[in-house]
Amino acid sequence: MVAQERGSDGVVDLRSDTVTLPTAAMLERMQRAPLGDDGREGDPTVRALEARGAALTGKEAALFVPSGTMGNLLAMLAHAERSAEVFADAGAHLLNSELGSVVTIAGLVPKPMPSRRGAMDEAALADAIRGSERPGLIAMETTHNGAGGAVLPPPLMMRIHALGQSNGIPVHLDGARLFNASVALGVSAARIAEHADSVMVCLSKGLSAPVGSLLCGTAAFVARARSLRKLVGGTMRQSGVVAAAGLVALETMIERLSEDHAAARRLAAALSWLDPALADPDQVQTNILRIDVSASGRDAAAWAEGVKQRGILVQASGPSQLRLVTHRHIDGAAVDRTIAAFAALGR
């Protein structure tokens, strides 16, 4: 099975959950998927995926897009006029890894907000909105990549959504790992997404589909986003081939995300035991683990290279931080090997 192929080269890849391979069930569904022209009459498998995504997020409609970055871009284009301001926490993926989309393509002005573990300071956000001449969009992110997979508290999301509504400002949720948040909180994805006017979810991370994301919202919003998708080159024709894998992902891969969360907690506990400065297990809510190596005497790049020599791939994030992301290819043996590699390097 494909699930067993990952790691056959002896490498444990913790750089991201985007390295996951499609399951055998996904490949089988891809082979027999009904197809059509998604840019013309429509692709039936894509439409089925969009309907499933809309139902799971509690929205009226959904749009299949090639990537999460495109989904967030289309949300900005559909919600806000050029030169308007977009409010998000300073560590948001949108204002860091996707800043080119924000400024160059959408033409929005980024307004980074102070935050704690991805949660925007509500008073600061309210003050910024009051002082804004062109408020355009509020963006939230859960789980929060930069904050180590932190989950936004739903009451906070509810209050921020209410703040947006009272000021006539739409709220978009970057929910690339929304289903991780759902599993961690023990509530449906729709219960989380109800605190935003639109939401983007990725299928190609922990859910293991080979490609694709969904942008969900009202029927009118999605119709607008669909026309904008063509503008930015996102129409994919017989895209039911990959949408079929996305359907299997939504049907079979959500509940097992708890296994990835457990693996991340086990890693954090072991690394904390090796050196309490490396990790705080209490801060690990989902499948992302941020390791602080600032007190070790070696920078993050040196640590990444050191564990790489022992068959473990991790991502250096800045001079003093490593990012480890668990996923379905990281089993108990892979966790053991990772712990052993860090222990050997830390001697």
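Which residues of β10 are buried on one side, and which on the other? Keep that in mind as you open this predicted model.

**Stop one: β10.** Select residues 213-217, the strand β10. Ser 213, Leu 215 and Gly 217 lie on one side. Leu 214 and Cys 216 lie on the other. Each of these residues is buried, and both faces of the strand are covered.

Pick out Leu 63 and look across to Leu 215, its bridge partner in β10.

**Stop three: β9.** Now select residues 198-202, which form β9. β9 also pairs with β10 in the antiparallel sense, over 4 bridges. Find Val 199, which stands opposite Cys 216 of β10.

**Stop four: the largest pocket.** Stay with β9, which supplies at least two residues of the lining of the largest pocket. The space in this pocket comes to about 250 Å³. Show its 22 lining residues, then move to the centre: His 93, Glu 98, Ala 176, Cys 202 and Lys 205 are the closest to it. Colour the lining by class and you get 12 polar, 6 charged and 4 nonpolar residues.

**Last stop: α4.** Which element gives the most to the lining of the largest pocket? Select residues 68-79, the helix α4. α4 gives the most, with 3 residues.

Technical notes. Residues numbered from 1 in each chain as written. Predicted model: local features only at pLDDT ≥ 70, side-chain atom pairs only at ≥ 80, totals over all residues. Heavy atoms only, no water. 1 Å grid on protein atoms, 1.4 Å probe; cavity = no way out; pocket = protein on both sides within 12 Å on 5 of 7 lines; lining within 4 Å. Points joined across faces, edges and corners; volume = space filled by probe spheres on them. Nonpolar A, V, L, I, M, F, W, Y, C, P; charged D, E, K, R; others polar. Buried < 20%, exposed > 50% of the residue type's maximum accessible area, 1.4 Å probe, protein only. Pairing = 2+ DSSP bridges.
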